[in-house]
Amino acid sequence: MKNKVIIYYISQILLFTATSLFNPVSYLFYMDNGLNPSAIGVSISILWIVSGIFEIPFGIFTDKYGTKITMILSNVLSICGLGLLIARTNVPTLLICAAIFGVSTAANSGCLSSWIVNSLKIELKDSFKQEIIQKVFSRSNIFCSIVSLLFSFLMLQIVYKINKNYPIYLSVIAYIICLLFFVFIFNDEYKNFNRKNSNLTNVVTQYFRIIDKKFLFISLFFTIPFIMDMGPVNQWSIV
């Protein structure tokens, strides 16, 4: 059990590190590269709408292919998205990257949490208690919050002032380290899932049975506030 918990902590810390290296300065980075607040607001809307749309399909995908493959795919998408921004920072690229990050976010959303819960349930069996997983999640939140605050401060107050491109470069490096971790170290041996009817056709069918018009309406409705929220409200840490 201890090894699984340590792997979970490391996975979360690595992911939060990769995210915290660029996200806190992303708004400044976009503005310094000539992008206007409207385009940034639209990109945020696209990211969360795409993430919401792909949340359920990736849950089904993880059930079939496992956490390891899902996390590898998520990190590859993140690397590709940041790579596009490095290659060319303009409005079309920003919107494409937002969609890519939306898919990546959906892929890793809750993925590791489900993995550690299932792993502990299988290993501990009858001795599994809810308090155990709550303690694991609490410690993980503490570690990740510290990491996030630390790297956000460093990127904003020191690194970005030295060179505005350094945070995004460091973020790519961090995601590559995450990718290597999930490829070579992360072990997804427990796949105690129901895999019946998990082919692509059934995944799509199940998805459209769950999603409804209300969800699409709400997603489109909240696009308007996101577009209106064009200032640095989303980048609270730059204050």
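Predicted model: local features only at pLDDT ≥ 70, side-chain atom pairs only at ≥ 80, totals over all residues.
The patch is on the surface and consists of Ile86, Ile158, Ile162, Tyr166, Tyr169, Leu170, Ile173 and Ile177. Together these residues have about 720 Å² of accessible area. I noted that helix H6 (130-162) and helix H7 (166-184) are the elements that give two or more residues to the patch.

I then checked Ile162, which lies in helix H6. Ile162 counts as exposed because its relative accessibility is 59%, and the cut-off is over 50%.

Next I turned to the span of H7. I read 19 residues and 27 Å from the first C-alpha to the last, close to the 27 Å expected at 1.5 Å a residue.

I also listed the buried residues of H7, among them Pro167, Ile168, Val172, Tyr175, Phe181 and Phe182. What covers the buried residues of H7 includes helix H1 (2-32), helix H3 (67-87), helix H5 (111-124) and H6.

For aromatic pairs, I searched the whole structure and got 12. Phe29 and Tyr30 form an edge-to-face pair, because their planes are at 70°, with ring centres 6.2 Å apart. I found Phe29 buried at 2% relative accessible area and Tyr30 buried at 11%.

Trp115 and Phe186 have ring centres 4.6 Å apart and planes at 45°, so I logged the pair as tilted. This pair links distant parts of the chain, 71 residues apart: Trp115 is in helix H5, and Phe186 is in the loop between H7 and helix H8 (200-210). Trp115 is buried at 3% relative accessibility, and Phe186 is buried at 2%.

Last, I noted a cluster of Tyr8, Tyr9, Phe137 and Phe143, linked by ring pairs.

Notes
Residues numbered from 1 in each chain as written. Heavy atoms only, no water. Patch = residues over 30% accessible without salt bridge, like charges linked within 9 Å, V, L, I, M, F, W, Y side chains within 5 Å. Areas by Shrake-Rupley, 256 points an atom, 1.4 Å probe, with all protein chains shown as cover. Salt bridge = Lys/Arg side-chain N within 4 Å of Asp/Glu carboxyl O. Helix = DSSP H or I, 4+ residues; strand = E, 2+ residues; numbered from the N terminus. Buried < 20%, exposed > 50% of the residue type's maximum accessible area, 1.4 Å probe, protein only. Expected span 1.5 Å × (residues − 1). Contact = heavy atoms within 4.5 Å. Phe/Tyr/Trp six-rings, centres within 6.5 Å; stacked < 30°, edge-to-face > 60°.
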